[in-house]
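Me: I am new to this structure and would be grateful for a close look at a single part of it.

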Amino acid sequence: MKTPLIGLSALLLSSCFTAQAEGLFILQSPAFTDNAMLDKQYAGNAKDNPNCTGKNLSPPVVWSNPPTNTQSFALLVHDPEGAKGLGVTHLVAYNIPASATGFTANELRDGKGFTGGKNTPGSQAWHGPCPPPGSGAHHYTWTLIATDLRADALPAGLTREELFAKLKGHALAAAGLISRFGQ
């Protein structure tokens, strides 16, 4: 008799967690799971940097359940271990319309559907990972911020720090995802 009750309890408990998760603001990628390794195709490709061994393709990302009053999103990708611990920002994208639910493969590289801010390498679009060999698998923190700012409110070219300053008082919620890459 105890076995069916335990099974029923587990089923009810799992239903509660599923219902809660369905209402959470979440960021996901069909190309990788949270804390998983990125495929080499998403690594950077720069002629002047031998550590950039990939194709610089941008992975697809999707999100769901943003806060009700969301007017735009900002998406950032940052490697806190890059530059020997000083950090490297790979993407600063904002003024993403509230109607957006993600980016397909390469849209972040092609600069479509967002205003580009200045990343550490100096571009205004996706710049894939280029960790030096022997430095281990770096963590790439993807942060999606829902804001109450119109999708045309911010000028192009903001750095990560400048964007954070502009979003102060306008951020409604954030969702995150981590990918890893090493050589």
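In strand E3, which residue is the bridge partner of Ile26?

Reply: The bridge partner of Ile26 in E3 is Ser64. The model is a predicted one, in which local features need pLDDT of at least 70, side-chain atom pairs count only at pLDDT 80 or more, and totals for chains, interfaces and linings use all residues. Residues are numbered from 1 along each chain as its sequence is written, and side-chain values use heavy atoms, without hydrogens and water.

Strands here are DSSP runs of E with at least two residues, numbered from the N terminus; two of them pair if DSSP finds at least two bridges between them. E1 and E3 (residues 61–64) are joined by 3 bridges in the antiparallel sense. They belong to an open sheet of 3 strands, ordered E1-E3-E6 with antiparallel pairing. Strand E1 (26–28) and strand E6 (102–103) form the edges, each with a single partner strand, so one side of each has no neighbour in the sheet.

The disulfide (a pair of cysteine sulfur atoms within 2.5 Å) links Cys52 and Cys130, with an S to S distance of 2.0 Å. The link is right-handed, with 110 degrees about the S-S bond.

Buried means under 20% relative accessible area, with a 1.4 Å probe and protein chains only. Cys52 counts as buried because its relative accessibility is 9%, and Cys130 counts as buried at 15%.

Notes: Helices (H or I, at least four residues) and strands (E, at least two) are DSSP runs, numbered from the N terminus. Buried means under 20% relative accessible area, exposed over 50%, partly exposed in between (1.4 Å probe, protein chains only).
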